[in-house]
Amino acid sequence: MRRVVITGIGMVTPLGLNARDSWKKCVEGVSGIGPITRFDASAYPTRIAGEVKGFDGRTVMDQKDAGRYDLVFHYSWSATKEAVEDARLTITAANAERVGIVIGSGIGGLTNISETSVQIHKEGPRRVSPFFVAGSIINTCSGYAAIRLGAKGPNYGVVSACATGNHAIADGLHSIRRNEADVMIVGGAEAPITPVGLAGFCAPRALSRRNDEPEKASRPFDRDRDGFVLGEGAAVLVIEELEHAKKRGAAIYAEVVSCGMSADAFHITAPAEKGEGAARAMKLALEWGGIRAEEVDYINAHGTSTPLGDIAETDAVKTAFGPHARTLAVSSTKSMIGHLLGAAAAVEAAFTALAVKHQILPPTINLETPDPACDLDYVPCKARETKVRCALSNGFGFGGTNTSLCLKRVE
């Protein structure tokens with residue numbers, strides 16, 4: 001079986017406009033949550049989010065493209081460009097057909113869709129941009145990148161809500177193992193902080209209403225959590241066959257060992273009882289990767305800061321790992337950046353790869369009063385330097401889809 005490793009990482013998050021700054025602030029336990037500034041949110045019960053700050057798509061796209069494509073594609077391309085540069089990957093006519101791209105999103109061009117809908121009602125259909133469809137559909141993340149890079153391998157988008165990033169990485173892993181490609185550029189992007197996006201998540205009371213203390217609103221596993229915080233951004237990884245990476249002298253962050261996948265078949269938004277589906281995904285990640293439970297030192301939890309979800313994931317970890325659940329570390333980086341929906345799993349996979357590379361665990365900030373039902377080691381409030389041989393990164397999505405990505409240190 002062909003081994004696959006991560007050789008490049010690119011990120012745009014509420015903590016920074018690149019991987020270096022995002023990781024630095026993540027380890028420092030900095031919150032990227034604040035009052036919404038992009039539009040007037042005063043009429044909404046939730047008025048906070050994890051906005052990307054100081055980003056200008058025209059720094060990575062020309063002005064025409066920046067105007068044609070939704071913000072989600074600005075984020076996606078910025079992260080892709082950084083990941084390719086970080087991997088020192090050069091795509092030429094000789095290798096173009098062996099480089100593929102799979103980047104997904106949970107929603108896609110929400111701003112573009114919302115504003116065009118209003119425009120039709122106000123001005124009629126003749127005013128709609130000819131770039132509306134291409135500037136909104138999810139697979140433009142991959143298609144635009146392929147055009148800019150000249151990558152001619154497998155190319156498509158993935159949509160599976162908050163598990164999107166892990167599914168994209170898994171598809172890239174399988175493409176390389178099937179020898180369809182030597183290199184895959186994979187990840188997820190999202191830009192949901194819009195009036196429609198905020199209203200949609202406020203309606204079912206899914207979001208935290210801790211508007212007066214935004215930096216403390218995302219508090220996974222804490223007794224006083226009251227919902228998740230909407231976030232935005234992107235993360236893209238360059239993954240490639242191990243020998244291919246070695247031959248070109250690429251630096252390696254971690255090995256992608258496997259990705260366990262399952263369905264709850266239970267409820268469109270609520271987790272299955274005791275996190276049954278999530279537990280199966282973690283067990284499958286270990287089984288397919290040939291990893292013993294005792295080899296896993298860290299889990300980057302889905303950890304959304306919702307009352308039901310955090311308990312279900314805690315139960316799932318106990319089911320999947322048995323007694324070892326008490327000795328491994330679990331943390332939620334959503335405590336700092338919020339929930340990036342279709343970008344969440346990709347960002348968390350990137351953080352997990354960096355944790356494996358640098359042997360340091362990101363903290364779960366705001367964990368001040370632990371929920372008695374959440375009784376594992378969540379690396380509270382402060383990062384921890386420790387041995388990380390193998391790690392899982394969980395991503396669960398609406399529709400009952402579950403993923404658990406397994407990464408391993410490469411000596």
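The paragraphs below go through selected strands, helices and loop residues of this predicted model.

Residues are numbered from 1 along each chain as its sequence is written, and side-chain values use heavy atoms, with hydrogens and water left out. Because the model is predicted, local features need pLDDT of at least 70 and side-chain atom pairs count only at pLDDT 80 or more, while totals for chains, interfaces and linings use all residues.

Helices (H or I, at least four residues) and strands (E, at least two) are DSSP runs, numbered from the N terminus. β4 covers residues 99–104, and six of its six residues are buried; buried means under 20% relative accessible area, exposed over 50%, and partly exposed in between, with a 1.4 Å probe and protein chains only. V99, I101 and I103 point one way from the strand, G100, V102 and G104 point the other way, and all are buried. Two strands pair if DSSP finds at least two bridges between them. β4 pairs in the parallel sense with strand β6 (residues 183–190) over six bridges, where G104 stands opposite G188. β4 also pairs in the parallel sense with strand β5 (residues 155–156), over two bridges, and there Y156 is the bridge partner of V102.

G104 leads on to helix α6. T164, in helix α6 (residues 164–177), touches G104, S105, G106, V158, V159 and G342, with residues up to four places away in sequence not counted; contact means heavy atoms within 4.5 Å. T164 is buried, with a relative accessible area of 0%. A polar atom of the T164 side chain lies 2.7 Å from the backbone oxygen of A161. For a polar contact, the pair of N or O atoms must be within 3.5 Å; within protein, one must be able to donate a hydrogen and the other to accept it, and residues adjacent in sequence count only if both atoms are side-chain atoms.

Helix α6 also packs against helix α12. Two packed helices are described by the angle between their axes and the distance between the axes. The axes of α6 and α12 (residues 344–358) come within 5 Å and cross at roughly 65°; axes are lines fitted to C-alpha atoms, for helices over the stretch in contact, and angles run from 0 to 180 degrees between N-to-C directions. The two helices α6 and α12 are therefore roughly perpendicular to each other, a label for angles of 65 to 115 degrees, with those under 35 counted as roughly parallel, those over 145 as roughly antiparallel and the rest as oblique. At this crossing, G165, N166 and I169 in α6 meet A345, A346 and A349 in α12.

N166 is also one of the residues in contact with G395, together with C162, A163, H302, T401, N402 and T403, leaving aside neighbours of G395 within four places in sequence. G395 lies in strand β13 and is buried, with a relative accessible area of 0%. Its C-alpha atom is separated by 10.0 Å from that of S160, 235 residues apart along the chain.

In strand β13 (residues 390–397), eight of the eight residues are buried. C390, L392, N394 and F396 lie on one side, and A391, S393, G395 and G397 on the other. Strand β9 (residues 298–300) runs parallel to β13 and is joined to it by three bridges, with L392 as the bridge partner of I299. Strand β14 (residues 401–408) runs antiparallel to β13 and is joined to it by eight bridges, with L405 as the bridge partner of S393. The hairpin of β13 and β14 has three residues between the strands, and G399 takes a positive phi near 95° there.

Positive phi values also occur elsewhere. Most residues other than glycine have a negative phi. S305, in the loop between β9 and α10 (307–321), has a phi near 80° and is buried, with a relative accessible area of 0%. K274, in the loop between β8 (254–263) and α9 (276–289), has a positive phi of about 60°, but K274 is exposed, with a relative accessible area of 53%.

Helix α3 itself (residues 71–87) has 17 residues and reaches 25 Å from its first C-alpha to its last, close to the 24 Å expected; the expected span is 1.5 Å times one less than the number of residues. Of the 17 residues in α3, 13 are buried. At the start of α3, a side-chain oxygen of D70 reaches to within 2.9 Å of the backbone nitrogen of V72.
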